[in-house]
Amino acid sequence: MNYEEAISYLEGLKIFGVKLGLARITELLDRLGTPQERYRTIHVTGTNGKGSVSAMLSGILCRAGIRTGFYSSPHLVSYTERVRVDGELISEQAFADGIAEIKHHAACMVREGLECPTQFEVLTALAFHHFAVRHVEYAVIEVGLGGTLDSTNVITPEVSVITNVAFEHADRLGGTLESIAENKAGIIKEGVPVVTAAKGIPLDIIRRVAGERNADSFVCGMDFSVRLASCDKRTQSLVFSSPLLGIAELPYKLHLLGVHQVENSAVAIMTAMLLQSIESRVTAQSIVEALSLVSWPARFERLSLGEQEIIVDGAHNPAGTKVLRESLDAFFPAMPRVFLLGILRDKDIDTMLHTLLRADDEVVVTMPHSERADTVDDLAARVQKYCAHVAVQQENGQALDRALQKAKGKLLVIAGSLYLVGEIRHLLIERRR
């Protein structure tokens, strides 16, 4: 099997849709020899920020000299982005070889009358298998959806992380904020500490579940905190503290921008500090060095094309657009803005637009490459409720051209869906070469 054939197989699995549950992934991993048990793990969930926190933790472990795996989703351009070892993407050949082996086991399951694994389950099995083959010592595992029945929830990690909890994927996670919190708290294991930045009712639920499972909980704003010392629009200078750990002040710099990354970095530091009890290679120095280097594409990422300032952000839900608006107001308060937007139709579009847009903003709408994408006409009509300057361009490349033309002397912001953001970011990188 080559890479193109592997992708074709994965695309064919989309017919099974999203089916939560652990039976299929458990059976598949058993047939692969339970690879997920051959290394230590950190498990990360949350409505927003879980990718950034996972990237920070992976960077910290790598900087400490620890062979580190990192599994994340979704990807921006290539499936190979989802599986990394020591920061390096899995090769296309290794990807294809792993998929070929998993395809064999999946076919055996079907012949024996069992359900075929879903696309995400196959990708999860691929990551776990690849990490075992590459002899990683630790793997940072990002949850795909929710927690309790997500296919990654077959591991017993050293630390569980729940970044935050907001109203997202309610149709699949019980319909209420409480049910979403219960689902994300499902990654908490017996006796395994949990670090969280959740607040309000979700925090109450997380702490209750942690208590029931004899798991110590460490809460941002209570057991540890962070403050912003300064920011030069390229780097944030921050100070972490935790009286609980005896840390009065730990200054560090963060290359990642965005107000949300302040709290995310604190969660990553607290998680790394907890690892020190079992992993002496993780030190304050390795943490500080890693955070000054870590990057995570399309999360309030600042790019430029000639003299054009561009922010690329994968804000794709109300919580994400709220943070994006706060970050734009903090970093570029007076700069006129042009948005290039494409949003999936199953999102709370009106809330996202109401949160994100100012009356004098200009917007170019286009369609992400997804069967779930909202049409340009529908999105344009919704945008017009919040600002008057709206243009429509169906094709992504032409939409980027139009947005760049409008954005001369202004800030261009690309957001709304990771499917769109990944495509547009790729086009921008190609044009910069």
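R67 forms a salt bridge with D86, with the closest N and O atoms 3.1 Å apart; a salt bridge here is a side-chain nitrogen of Lys or Arg within 4 Å of a carboxyl oxygen of Asp or Glu. R67 lies in the loop between α3 and β2 and D86 in the loop between β3 (83–85) and β4, so the pair ties together parts that are 19 residues apart in sequence. The model is predicted: local features need pLDDT of at least 70, side-chain atom pairs count only at pLDDT 80 or more, and totals for chains, interfaces and linings use all residues. Residues are numbered from 1 along each chain as its sequence is written, and side-chain values use heavy atoms, leaving out hydrogens and water.

**Salt bridges**

- The whole structure contains 29 salt bridges.
- R24 and E121 meet through their side chains in one of them, at 3.0 Å from N to O.
- Because R24 lies in helix α2 and E121 in helix α5 (residues 119–133), this pair ties together parts 97 residues apart in sequence.
- Both R24 and E121 are buried (buried means under 20% relative accessible area, exposed over 50%, partly exposed in between, with a 1.4 Å probe and protein chains only).
- R67 is partly exposed at a relative accessible area of 26%, and D86 is partly exposed at 32%.
- R382 forms a salt bridge with D350, the closest N and O atoms being 2.9 Å apart.
- This pair links distant parts of the chain, with R382 in helix α12 (residues 376–383) and D350 in helix α11 (residues 349–356), 32 residues apart.
- Shared partners join K19, R24, E115 and E121 into one salt-bridge network.

- An open sheet of 8 strands has the order β4-β3-β2-β5-β1-β6-β7-β8, with mixed pairing (two strands pair if DSSP finds at least two bridges between them; strands are DSSP runs of E, at least two residues, and helices runs of H or I, at least four, numbered from the N terminus).
- β4 (88–89) and β8 (217–219) are the edge strands, each pairing on one side only.
- Strands β6 (residues 159–162) and β7 (residues 194–196) run parallel and are joined by 3 bridges.
- S160 stands opposite V194 in β7.

**Buried and exposed positions**

- S242 lies in strand β10 (residues 236–242) and is buried, with a relative accessible area of 0%.
- Leaving aside residues up to four places away in sequence, S242 touches D223, F224, I247 and M270, where contact means heavy atoms within 4.5 Å.
- V18, in the loop between α1 (3–12) and α2 (23–31), is exposed at 52% relative accessible area.
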